[in-house]
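User: Hi! Could you walk me through the salt bridges in this one?
Analyst: Happy to, let's look at it together.

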Amino acid sequence: MSQFDLVVLGSGPAGRRAAIQAAKLGKSVLVVDDRSKVGGVSVHTGTIPSKTLRETALNLSGWRERAFYGQGYRAGATIKPGDLEQRIAKTFDYEVAVLEHQFARNGVRTMNGRGHFVGPHQIVVTRQLDDAHVEETVEAKKVLISVGTRPYRPDHIPFNNTNVLDSDTFILQPRMPRSLTVVGAGVIGLEYATILSALDIPVTLIEPRERLLEFMDAEIVEHLIHSMRERGITLRLGCSLAHVHFSEKGDPICQLQDGRLIGSEMVLYAAGRIGSTDSLNLSACGLEADSRGRLEVDRTTFQTTNPDIYAAGDVIGFPSLASTSMEQGRAVACHAFGDPISADDQKPPYGVYAVPELSSVGLTEEEARDAGINYECGIARFKETSRGHIMGLESGILKLICDRDTRKLVGVHVIGEGASELVHVGQAVLNLGGTIDYFVENSFNYPTLAEGYKVAALDLWNRLQICPAEGAVSRDNERAKRAA
């Protein structure tokens, strides 16, 4: 029986980061994955291919140039599904090669097979060798469950992998239907709906909740909704899907609970995901997943109820982002093998790669209000910056939220081109306890979109002068004296 300090089930962002971190601490590590290539959901059907699809769609459609050349502008005369698939395949090969090299360089062993528990420290890996199934038992001092998730496929939806698809099936073979209905306006549903809309495909989006992206700032989400409606996306919010049937031509028709019918050439069902834990035989180690296959953990150490078994990544639920999953994996390895982990006081950024992008860090305006913070907001509009005008941006805002009493930055929210990149400037200032004075008193490259931080901070500064907090006037007077 092979023995390892750490056995990782799944090679997605959490699994690979934990494996490499443990190896750097001098531990023996085995990564088990049932896919023929490493990378997990993130590389195969999630983060990497969907973001590659987004970039390909925006480039080939000429989306970014339409403000200058008109809505009829196209970078290419025609766009075919093969054009989308080709770039995704190239990106996939590159990502896998990088991961394989990282594992080899750090001495991490990988095994292609499906693992399941036979005890808290024993895992049986079923492997396919030639035409036979071979079982190998490995023993682990510590185990990390990072098997990720798969699309939720309710029984009443007639999935056929032709014109009623889930998100994994779609991305494995991208299509360009004449019209599309997306069911579910979570992160995945919004991304696919807006990406395909950028390819001039008529899209209808169905969502039972009245509000989109409840974890994002409401004002930013309002801008997203305005952008979507402006370019013709039909939103059916507060509406639940009853069932899907087919027309005489074979096209799917979605019937809502209120009786309305929505016809399209294709339906993409993206209403939730479920943890891939059902084949792990969790009962053998005393664990139990919830109804969506997710595991409960301590959110600091990521231990399950068994202290030697950890779980991280999408399988533990929100926020289910590759970036946060990586940090969870690193924290697992550090805690498991006695290496100090930093206090959990850093605010991670969230990114939604819709068209346009959204990204945020820190408190939303609603959260600041609920926390009783005496706050103020400042706004910069991309179209009012020189770089935004040069780029032809007609929309996009950068919003800063600060504590009026201390001037400390407490929230940064961005929607528009490059939002997922821009947010990191605010992330650094926020997590280092900085104030809006940093943006006011420092220069930014000109012209850049990052200059929006100065514009938004000056907007905030002006608002604070109109209604200053106690002590703010004296601070400004002292600053003016120093400047003189």
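User: Is Asp217 buried or exposed?
Analyst: Asp217 is buried, at a relative accessible area of 1% (buried is under 20%, exposed over 50%, partly exposed in between, using a 1.4 Å probe and protein chains only). This is a predicted model, where local features need pLDDT of at least 70 and side-chain atom pairs pLDDT 80 or more, while totals for chains, interfaces and linings use all residues. Residues are numbered from 1 along each chain as its sequence is written, and side-chain values use heavy atoms, without hydrogens and water.

User: Which side chain does Asp217 meet in a salt bridge?
Analyst: That of Lys399, at 2.9 Å, N to O. A salt bridge here is a side-chain nitrogen of Lys or Arg within 4 Å of a carboxyl oxygen of Asp or Glu.

User: And how many salt bridges are there by this rule?
Analyst: The count is 25.

User: What about Lys399, buried or exposed?
Analyst: Lys399 is buried too, with 0% relative accessible area.

User: Which side chain does Glu219 meet?
Analyst: Glu219 also forms a salt bridge with Lys399, at 2.8 Å, N to O. Glu219 sits in helix H8 and Lys399 in strand S21, 180 residues apart (helices, H or I, of at least four residues and strands, E, of at least two are DSSP runs numbered from the N terminus).

User: New topic: how far apart are Asp459 and Arg463 in helix H14?
Analyst: Four residues, so about one helical turn separates them. Their side chains meet in a salt bridge at 3.3 Å, N to O.
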